[in-house]
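This briefing goes through selected local features of one protein structure. The points are grouped by topic, to be read alongside the sequence and the coordinates.

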Amino acid sequence: MKNCKDLTVMVVGAGTMGLSMAQVMAAHGIKTYMTSRHEATLQSAREKINTAINGLIREGLADERYREQVDQHLFPVTNDKFPEIGKEVDVVLETVVENADSKRAIYQQLNDCCRPDCIMASNTSGMDIFTVTEDVLSHPERLIIAHWFNPPHLMKLIEVVRGEKTSDETTECIRTLLEYVGKKPAVLNKFVPGFIVNRIATVINRELYYMIEQGWINGEDAENAIRYTDGLRYGFEGPLGIWDFVGLEIPMTVAKDVLPTLCNSADRMPLGDKLIAEGKTGVKAGEGVLKYGPMDEYVEKRNRRIIQMTKIMDQWDREDQ
């Protein structure tokens, strides 16, 4: 693999995730093509990147040199340029719509246009991209999942998921690239639905939804129970570390009484189905389990708090080095 700064990356898709991923790559001095089917989408993406950079500068996480790096290294192009630029690309970050036919069509184009040694990393949040593309990719050992979290320019964790044919070299190259741009890759050695984070989130919310359904607790108190205990600790000490700190004898003893009483539904979460049927689908609708104000205001507040927490966690990372 080349030095990361000498790589050429192509981000396929210029939506919410793709534009932010392209921003991250370009900001670290990597030549980055950001592609979309439509020129208007690329123009809108560029404007949104500038807005995001303004926010980083305002919060002290970037300066004008950051913007100059993005301007210098980001190249928006339409998808019809794949044949023209494909042989130049070392790494593809694919982030098109979560539809199997759309994914397959894109990978067919990429397979035809890119070099055999080009690494292809899908941002899918749950699709088995390895099965979806098995009939179109000539070099499946070069395919891997790199699942970013929203907003990508702020969230550090990236789930890296290997397929059965993904090579060790591909895995290590993607890990190296992601670490180079300041991310924290977590490698999953086998594709399983939900990867790491969504599997854990499903377990937690299945139990909280169940407790709310039973009338044992309301949504606000359930949320606060997590925010003001584990929520305070997870930035520096995950659930494994918390049990280690307590001493395994205590939580394991508690678990003997807890495990038989946990919700173990394997097919549905009734409270979630009920909320969706009522149109209470979350922040966009103004209400899910909890209630929200205008979405734009909530997103701005959420991003600001992610930045504040990132600053603290960066400090802790420096202390732990």
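Which residues are exposed on the other side of H7? They are Asp168 and Glu169. The model is a predicted one.

**Helix H7**
- H7 is made up of 13 residues, and its first and last C-alpha atoms are 18 Å apart, close to the 18 Å expected at 1.5 Å a residue.
- The buried residues in H7 are Thr170, Thr171, Cys173, Ile174, Leu177 and Leu178.
- These buried residues line one face of the helix, because they fall within an arc of 165° when H7 is seen down its axis.
- Isoleucine 174 is part of this helix, and its relative accessible area is 2%, so it counts as buried.
- Not counting residues up to four places away in sequence, isoleucine 174 touches Val91, Ile119, Ala121, Ile144 and Val160.
- A distance of 8.8 Å separates the C-alpha atom of isoleucine 174 from that of proline 185, eleven residues apart along the chain.
- Glycine 182 follows H7 and has a positive phi, near 85°.

- Threonine 166 counts as buried because its relative accessibility is 4%, and the cut-off is under 20%.
- A polar atom of the threonine 166 side chain lies 2.8 Å from the backbone nitrogen of glycine 163.
- With neighbours within four places in sequence left aside, the contacts of threonine 166 are Phe130, Pro140, Glu141, Leu143, Ile144 and Thr171.

**Backbone geometry in other loops**
- The peptide bond that joins asparagine 150 and proline 151 is cis, with omega at about 0°.
- Proline 151 sits in the loop between strand E6 (143-148) and E7.
- Phenylalanine 195 is not a glycine, yet its phi is positive, at about 55°.
- Phenylalanine 195 belongs to the loop between strand E8 (184-188) and helix H8 (197-213), and it is buried, with a relative accessible area of 1%.

**Nonpolar cores**
- The largest nonpolar core has 41 residues, of which Met25, Met34, Leu93 and Trp148 touch the most other members.
- Helix H1 (residues 16-27) gives the most to this core, contributing eight residues.
- Another core, of 26 residues, lies apart from it and includes Tyr33, Val96, Cys118 and Ile145.
- Leucine 93 is in contact with Val9, Met10, Val11, Val12, Met21, Met25, Ala121 and Trp148, leaving aside its neighbours within four places in sequence.

**Cysteines**
- How many disulfides does a search of the whole structure find? The count is zero.
- Cysteine 4 is in no disulfide, and the nearest cysteine sulfur, in cysteine 173, is 8.5 Å away.
- Cysteine 4 is buried, at a relative accessible area of 7%.
- For cysteine 114, the closest cysteine sulfur is that of cysteine 118, at 4.3 Å; a disulfide needs the sulfur atoms within 2.5 Å, so this pair is too far apart for a bond.
- Cysteine 114 is also buried, with a relative accessible area of 5%.

Notes:
Residues numbered from 1 in each chain as written. Predicted model: local features only at pLDDT ≥ 70, side-chain atom pairs only at ≥ 80, totals over all residues. Heavy atoms only, no water. Buried < 20%, exposed > 50% of the residue type's maximum accessible area, 1.4 Å probe, protein only. Polar contact = N/O pair within 3.5 Å; in protein donor to acceptor, adjacent residues only side chain to side chain. Contact = heavy atoms within 4.5 Å. Core = buried A, V, L, I, M, F, W, Y, C linked by side-chain atoms within 4.5 Å. Helix = DSSP H or I, 4+ residues; strand = E, 2+ residues; numbered from the N terminus. Expected span 1.5 Å × (residues − 1). Arc of directions from axis to C-beta.
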